[in-house]
Amino acid sequence: MTVNDNPPNVRRIETSRDDAYAFEIVGHITAADMENLYGLLEGAYETHDKIDVLVIIHDYEGFDWQAAFKEQTMIGKTNALKHIRKYAVAGGPAWMGTTIAFFRPFFSMEMEYFPYEKVEVAWKWLGAEPG
């Protein structure tokens, strides 16, 4: 078995801007995946006070709901509110779009949801390109 036989469910995507971060999430999202994602974001906050984030979700197989309420995840979410300027999700189940639309008025960051087929539009909205 090689390393690529079992890649992580959360992967960072290089972008054309140093203050724009993109992530690909594949399959089932676990507590370890969430900790990995927030760890990567914490590193971004060390370099930039404000960042833009795109999360691309495909082949979604569910979410470990316990992960959403773990202390480390809650700390990551709270810290993200201080640093994220624009936040986009492309793909995943349709309820993610409804959830983002519901919470949009309560946050100072710009938030948008795009169907997976519109990932190019999400990149444009973010003002960055993969690369």
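**Asp 19 and a group of phenylalanines**

At 18% relative accessibility, Asp 19 counts as buried, where buried means under 20% relative accessible area, exposed over 50% and partly exposed in between, with a 1.4 Å probe and protein chains only. Please keep in mind that this is a predicted model, in which local features need pLDDT of at least 70 and side-chain atom pairs count only at pLDDT 80 or more, while totals for chains, interfaces and linings use all residues. Residues are numbered from 1 along each chain as its sequence is written, and side-chain values use heavy atoms, leaving out hydrogens and water.

Which side chain does the side chain of Asp 19 meet in a polar contact? The partner is the side chain of Arg 85, at 2.9 Å, a polar contact being a pair of N or O atoms within 3.5 Å, of which, within protein, one must be able to donate a hydrogen and the other to accept it, and residues adjacent in sequence count only if both atoms are side-chain atoms.

Now to the rings: a search of the whole structure finds four aromatic pairs, meaning rings of Phe, Tyr and Trp (its six-membered ring) with centres within 6.5 Å, where planes under 30 degrees apart count as stacked, over 60 as edge-to-face and the rest as tilted. Phe 102 and Phe 103 have ring centres 5.0 Å apart and planes at 90°, so this pair is edge-to-face. Phe 102 also pairs with Phe 106, in a tilted arrangement with 5.9 Å between centres and 50° between planes. Phe 102 is exposed at 53% relative accessibility, and Phe 106 is exposed at 59%, whereas Phe 103, at 36%, is partly exposed.
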